[in-house]
Structure formats: C-alpha cells, structure tokens
Amino acid sequence: LQAADPDGRILMPNSTLMVHQGYTSIANDHPETIQRSAKEDKRIRARINRILYERSKLSTTTLLTQKQFIAEITFDVYYSAQQAISAGLADRMLEV
C-alpha cells in the first residue's frame with residue numbers, strides 16, 4: 001500500500017489495514033551471528049519506520065511525531081479504513 005502513487009492508496013469501506021511488526025529469524029546461535037542479525041534487524045526496522053512515517057504524511061502535520069508513530073506501530077496494529085485514512089496510511093475509500 002505504501003508503494004502506491006501519491007493519492008493512490010485506496011481502501012474499500014470495510015477493509016482492515018494491518019501494520020505488521022517486523023520479524024527476524026536467526027538460524028545460527030553463534031554470538032557473532034546473533035549480533036550481526038540484531039544490528040541488521042535494527043537497521044531495516046528504522047528504514048521501514050521512516051518510510052511509513054514519511055509516506056503517512058504525518059511528517060507534514062502535527063498529529064504525531066515520528067517517535068510517537070513508531071511507538072504506535074511497534075507491535076501488530078489494525079486500522080479500519082477510516083482510521084487508516086486518519087492516520088495518513090491510506091488516502092481515501094472507494095465509494096461503492
């Protein structure tokens with residue numbers, strides 16, 4: 001959804017948008033592997049959080065700071081279509 005063109009993030013009225021908490025699997029229990037995987041996970045999460053925040057258009061409003069936004073999406077979170085629009089994660093609902 002966040003890859004859509006500006007104003008192209010359209011939801012059906014009864015849809016639910018889920019922002020899924022990131023997940024990393026580590027196949028090796030070697031301390032160096034765990035450390036590298038944790039570092040990479042942190043880098044990827046920071047990038048995804050930044051992209052979501054910027055694409056949500058919240059960065060141009062005073063609704064939520066980036067820190068507040070990240071705190072809200074740290075775990076799986078579900079939005080109704082209207083909530084997703086209010087949060088800036090979608091642009092509009094398709095009128096049916």
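1. Asparagine 49 first. At 17% relative accessibility, asparagine 49 counts as buried. Buried means under 20% relative accessible area, exposed over 50%, and partly exposed in between, with a 1.4 Å probe and protein chains only. Asparagine 49 sits in helix H1. Helices here are DSSP runs of H or I with at least four residues, strands are runs of E with at least two, and both are numbered from the N terminus. Leaving out residues up to four places away in sequence, asparagine 49 touches Phe69, Ile70 and Ile73. Contact means heavy atoms within 4.5 Å. Asparagine 49 and glutamine 66 are 17 residues apart along the chain, and their C-alpha atoms are separated by 8.5 Å.

2. Basis of the model. This is a predicted model, in which local features need pLDDT of at least 70, side-chain atom pairs count only at pLDDT 80 or more, and totals for chains, interfaces and linings use all residues. Residues are numbered from 1 along each chain as its sequence is written, and side-chain values use heavy atoms, with hydrogens and water left out.

3. Helix H1. H1 has 25 residues and should span 36 Å at 1.5 Å a residue; its end C-alpha atoms are 36 Å apart, which agrees. The expected span is 1.5 Å times one less than the number of residues. Ser37, Asp41, Asn49, Leu52 and Tyr53 of H1 are buried. The cover over the buried residues of H1 includes S2 and helix H2 (66-72). Just after H1, lysine 57 takes a positive phi of about 70°.

4. The aromatic pair. One aromatic pair turns up in a search of the whole structure. The ring centres of tyrosine 53 and phenylalanine 69 are 5.6 Å apart and the planes stand at 50°, so the pair is tilted. Rings of Phe, Tyr and Trp (its six-membered ring) pair if their centres lie within 6.5 Å; planes under 30 degrees apart count as stacked, over 60 as edge-to-face and the rest as tilted. Tyrosine 53 belongs to helix H1 and phenylalanine 69 to helix H2, so the pair ties together parts that are 16 residues apart in sequence. Tyrosine 53 is buried at 9% relative accessibility. Phenylalanine 69 is buried too, with a relative accessible area of 1%.

5. The largest pocket. It holds about 400 Å³ of space. A pocket is found on a 1 Å grid over the protein atoms alone, as an open set of points where a 1.4 Å probe fits, with protein on both sides within 12 Å along at least five of seven lines; lining residues have an atom within 4 Å of a point. Grid points are joined across faces, edges and corners, and the volume is the space filled by probe spheres set on the points. The lining has 20 residues, and the closest to the pocket centre are His20, Gly22, Ile48, Asn49 and Leu52. Strand S2 (16-19) and helix H1 (31-55) are the elements that give two or more residues to the lining. The largest share, six residues, comes from H1.

6. Lining by class. Eleven lining residues of the largest pocket are nonpolar, seven polar and two charged. Ala, Val, Leu, Ile, Met, Phe, Trp, Tyr, Cys and Pro count as nonpolar, Asp, Glu, Lys and Arg as charged, and the others, Gly among them, as polar.

7. Glycine 22. This residue lies in the loop between S2 and H1. At 37% relative accessibility, glycine 22 counts as partly exposed.

8. Before strand S1 (10-11). Aspartate 5 and arginine 9 both belong to this segment. Aspartate 5 is exposed at 61% relative accessibility, whereas arginine 9 is buried at 2%. Aspartate 5 touches Arg55 and Asp91, not counting residues up to four places away in sequence. Arginine 9 and alanine 90 are 81 residues apart in sequence, yet 4.9 Å apart in space, C-alpha to C-alpha.
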